[in-house]
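Could you walk me through this model in my viewer, one selection at a time? I am new to it and would like to know what to click on and what I will find there.

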Amino acid sequence: MLFEQISRNKRRTALILTIFVLILALVGAAVGYFVADSMIAGIIIAVIGTGIYLAIVLHDPAQLVMSMNNAEEIHEQDNPELWHIVEDMAMVARVPMPRVYIIDDASPNAFATGRDPEHASVAVTRGLLEMMNREELEGVLGHELSHVRNYDILVSTIAIAMLTVITLLTDFTSRYLLWFGGSRRDRDDDDNDNKNLEIIKIVLFVITILLAPLAATLINLALSRNREYLADAGSVELTRNPHGLISALKKIENSQPMENVSSSSRALYIEDPVKKEHSSLFDTHPPTSERIKRLEQM
């Protein structure tokens with residue numbers, strides 16, 4: 001059951017990323033069609049733009065995210081129990097020991113970030129340390145080290161970069177069409193025997209420009225939710241004990257939201273730090289009750 005769920009979630013992650021790439025290519029084609037009269041040129045621009053943005057973001061994402069969330073780095077002598085649990089989970093997961101941070105917030109929560117296992121960092125809140133026993137801490141940190149082992153931290157960075165480029169490209173094209181109205185395209189169509197086909201292309205690409213940012217956002221959130229299920233299963237694999245994470249999630253679910261949290265980091269946390277009464281398509285995490293149900297079935 002456990003390994004089947006891990007395999008299933010990995011396939012879903014690959015599928016979601018593939019759809020993401022297809023949306024990026026489609027947006028690039030639309031941009032090229034309207035702006036440069038070349039769909040291939042637009043796709044190339046989209047790919048290069050994503051690559052440049054990724055290079056910037058991946059330079060040192062962990063330090064950036066930690067500073068945005070007011071996290072303070074600690075060492076073994078500062079909190080031996082936390083340090084040794086992280087060390088044990090990293091050893092079982094067969095990843096390098098990540099840097100360890102504490103966030104001074106009473107709400108129990110945690111997250112992992114970085115560009116790869118060799119440059120990973122883990123942060124927990126003061127509330128998590130005060131509220132959880134060792135078994136529960138192992139469940140939470142097993143979840144976070146699973147994110148590191150599965151390269152989820154890299155996947156999330158790539159997805160965010162794609163979403164950013166898609167949003168920038170569609171915004172630019174919308175402004176271009178608003179100002180220039182696609183006049184060059186209209187002139188070309190006067191001499192085109194396939195004018196009806198061109199009209200269909202224009203309509204489809206306009207729809208793409210309008211809906212792509214929303215679709216990309218929903219796919220990014222679906223990817224985030226899928227990664228949480230995978231990390232939950234990974235925690236059970238590392239600890240051989242689903243009860244610790246189940247108990248921890250129940251405590252986290254019934255806690256207060258965090259006081260100060262970066263909105264761009266919400267999807268990284270083990271539980272959405274901004275609590276909501278009702279679930280929706282725009283949630284960064286799957287329902288905690290569903291996560292607990294799946295863990296109980298293990």
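Predicted model: local features only at pLDDT ≥ 70, side-chain atom pairs only at ≥ 80, totals over all residues.

Although Asp-37 is not a glycine, its phi is positive, at about 60°. Is Asp-37 buried, partly exposed or exposed? With a relative accessibility of 39%, Asp-37 falls between the cut-offs of 20% and 50%, so it counts as partly exposed.

**The whole chain**

Now zoom out and colour by secondary structure. The protein has 298 residues, and 50% of them count as buried. Take the contacts between residues at least 6 apart in sequence: 71% of these join residues at least 24 apart.

The 4 strands form an open sheet in the order 1-2-4-3, and their pairing is mixed. Which strands stand at the edges? They are strand 1 (71–74) and strand 3 (110–114); each has a single partner strand, so one side of each is left without a neighbour in the sheet. Turn the view to look along the sheet: on average, and ignoring direction, neighbouring strands are turned by 30° against each other.

Strands of a sheet pair through backbone hydrogen bonds, and they do so either parallel or antiparallel.

Select strand 2, residues 99–103. This strand is mostly covered, with 4 of its 5 residues buried. On one side, strand 2 is joined to strand 1 by 4 bridges, and the two run antiparallel. Strand 2 is also joined to strand 4 (residues 120–125), this time by 5 bridges and in a parallel run.

Then move to Tyr-101, which stands opposite Ala-123 in strand 4.

Select Val-65, which lies in helix 3 (residues 61–68). Its relative accessibility is 11%, under the 20% cut-off, so Val-65 counts as buried. What is Val-65 in contact with, leaving aside its neighbours within four places in sequence? The partners are Phe-111, Thr-113, Ser-265 and Leu-268. While you are here, draw a distance from the C-alpha atom of Val-65 to that of Ser-262: they are separated by 8.5 Å, although the two residues are 197 residues apart along the chain.

Two helix pairs come next. Two packed helices are described by the angle between their axes and the distance between the axes.

Select helix 4 (residues 80–93) and helix 6 (residues 134–149); their axes come within 9 Å and cross at roughly 45°. The two helices are therefore oblique to each other, and their crossing is right-handed. To see the contact, show side chains: from helix 4, Glu-81, Leu-82, Ile-85, Val-86, Asp-88, Met-89, Ala-90 and Ala-93 meet Arg-134, Leu-137, Glu-138, Leu-141, Gly-142, Leu-145 and Arg-149 of helix 6. Coloured by class, this contact shows 9 nonpolar, 1 polar and 5 charged residues.

Follow the chain on from helix 4 and stop at Arg-94, in the loop between helix 4 and strand 2. Like the residue that opened the tour, Arg-94 is not a glycine, yet its phi is positive at about 60°. Its relative accessible area is 78%, over the 50% cut-off, so Arg-94 is exposed.

**Helix 10 against helix 11**

For the last stop, select helix 10 (residues 242–253) with helix 11 (residues 288–296). The axes of this pair come within 10 Å and cross at roughly 165°. Helix 10 and helix 11 are therefore roughly antiparallel to each other, and the crossing is left-handed. On the helix 10 side, pick out Pro-242, Leu-245, Ile-246, Leu-249, Lys-250 and Glu-253; they meet Thr-288, Ser-289, Arg-291, Ile-292, Leu-295 and Glu-296 in helix 11. This contact divides into 6 nonpolar, 2 polar and 4 charged residues.

Notes: Residues numbered from 1 in each chain as written. Heavy atoms only, no water. Axes fitted to C-alpha atoms, helices over the stretch in contact; angles between N-to-C directions. Parallel < 35°, antiparallel > 145°, perpendicular 65-115°, else oblique. Left-handed = near helix turned anticlockwise from the far one by under 90°. Contact = heavy atoms within 4.5 Å. Nonpolar A, V, L, I, M, F, W, Y, C, P; charged D, E, K, R; others polar. Pairing = 2+ DSSP bridges. Buried < 20%, exposed > 50% of the residue type's maximum accessible area, 1.4 Å probe, protein only.
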